[in-house]
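This report looks at a metal site, a residue beside it and a pair of packed helices.

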Amino acid sequence: MSGTLAPYAVSELNSRGRLHPEAPPSWRSEFQRDRDRIIHSSAFRRLEYKTQVFVNHEGDMFRTRLTHTLEVAQIARSVARALALNEDLVEAVTLAHDLGHTPFGHAGQHALNACMREFGGFEHNLHSLRVVDELEQRYPEFYGLNLLFETREGILKHCSREHAARLGALGRRFLERRQPSLEAQLANVADEIAYNHHDIDDGLRASLIPMRTLREVSLFQDIEDATRRRWPRLDAKRLRYTVIREMLNRFVQDLIESSRARIAAAAPPDVEAVRDADMPLIDFSAAMRVQHLALKRVLRVELYEHAQVHDMAQRSQRIVRALFETFMNEPAAWPSQLVPAVDATARAQQIADHVAGMTDRYAIAEYERIRRIATGS
Ligand code: MG
């Protein structure tokens with residue numbers, strides 16, 4: 001970590017610590033230790049072969065869940081440093097924020113949630129917490145990674161009241177409508193900045209988003225016009241990179257300046273005052289939020305709901321559904337690495353954990369395996 005932390009930043013001194021007390025690390029900070037545990041987890045390695053928007057095998061140029069995660073971490077760290085927040089904490093939270101994603105992105109999440117409806121549902125954000133709290137089993141002393149409270153608080157971005165009630169101290173803020181730390185707030189906004197920009201880049205590259213719709217967003221139009229005026233003969237690819245880079249820059253700049261102003265106005269003496277505030281203090285200016293929402297809308301209409309993306313999503317949902325149902329109902333197909341629980345709800349949770357942990361390509365291979373069992377070939 002560079003520089004001095006602001007009084008309202010999370011620090012080792014004000015941290016609520018770990019569930020299982022451990023001796024302090026000798027050559028790195030407690031938050032660096034969390035980051036390192038996340039990077040060394042197997043769930044982190046599997047992000048490489050999980051879909052962001054484009055299914056992994058659609059092309060090597062598109063973002064994967066791993067490169068998305070790295071872009072979020074990079075944006076969040078820059079802002080954290082500018083605001084004198086805890087950069088190591090922000091890095092740990094952002095690197096872990098998507099560990100609970102299923103294969104095939106949101107399509108996989110929808111399908112698994114539907115399969116789990118009668119067993120309590122499936123929610124990827126809650127599952128990210130489950131991965132670091134329970135499913136990663138690498139330490140002799142405890143289940144999970146035994147991360148600091150503040151890292152876990154940042155990972156759990158949203159949560160239903162029903163789930164929150166079962167999460168003890170971590171769930172309390174959802175019941176009491178309190179804010180998380182500034183580092184957690186920042187990780188959340190950095191996620192949105194990252195995916196807005198890289199999805200526009202990927203969507204333009206795949207020719208799924210028409211430039212004319214993007215030009216309806218005034219910020220995009222202004223930057224594109226200025227870029228064309230300055231470099232009239234720029235080729236399409238460099239134009240795209242230049243416009244997206246400049247737009248990203250403006251969002252980050254705005255986030256730093258308006259968050260700084262909000263923090264100055266609220267003047268929280270410490271992190272507890274941040275948690276007591278009525279509103280998150282890390283946010284865009286009102287004008288920039290309008291641009292942010294306009295970009296999100298273009299992405300939803302033009303990319304996420306595009307027929308080509310939609311078809312792939314349908315196929316992905318079929319695969320996830322077939323995996324879940326076959327594992328549950330065909331003893332011969334039960335995954336050999338799991339010992340089946342007696343209780344059906346516990347078995348469903350085992351399957352959900354197993355399927356959620358799959359990469360896209362492993363899910364496809366397993367789908368082909370269970371189809372061979374079904375057809376006896
Ligand atoms: Mg994300």
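## Basis

Helices (H or I, at least four residues) and strands (E, at least two) are taken as DSSP runs and numbered from the N terminus. The model is a predicted one, in which local features need pLDDT of at least 70 and side-chain atom pairs count only at pLDDT 80 or more, while totals for chains, interfaces and linings use all residues. Residues are numbered from 1 along each chain as its sequence is written, and side-chain values use heavy atoms, with hydrogens and water left out.

## Magnesium site

Donors are N, O and S atoms within 2.8 Å of the metal (3.2 Å for Na, K and Ca), and sites may look incomplete because water is not among the atoms. For the magnesium ion the protein donors, at 2.1 to 2.4 Å, are His68 (NE2), His97 (NE2), Asp98 (OD) and Asp191 (OD), with the sequence spacing H-x28-H-D-x92-D. His97 and Asp98 are both buried, where buried means under 20% relative accessible area, exposed over 50% and partly exposed in between (1.4 Å probe, protein chains only).

## Arg65

Arg65 lies in helix H3, residues 65-82, and is buried, since its relative accessible area is 2%. Leaving aside residues up to four places away in sequence, Arg65 touches Leu47, Lys50, Thr51, Gln52, Asp98, His101 and Gly105, contact meaning heavy atoms within 4.5 Å.

## Helices H10 and H13

Helix H10 (residues 182-205) packs against helix H13 (residues 236-266) at an angle of about 165°, with the axes 11 Å apart; axes are lines fitted to C-alpha atoms, for helices over the stretch in contact, and angles run from 0 to 180 degrees between N-to-C directions.
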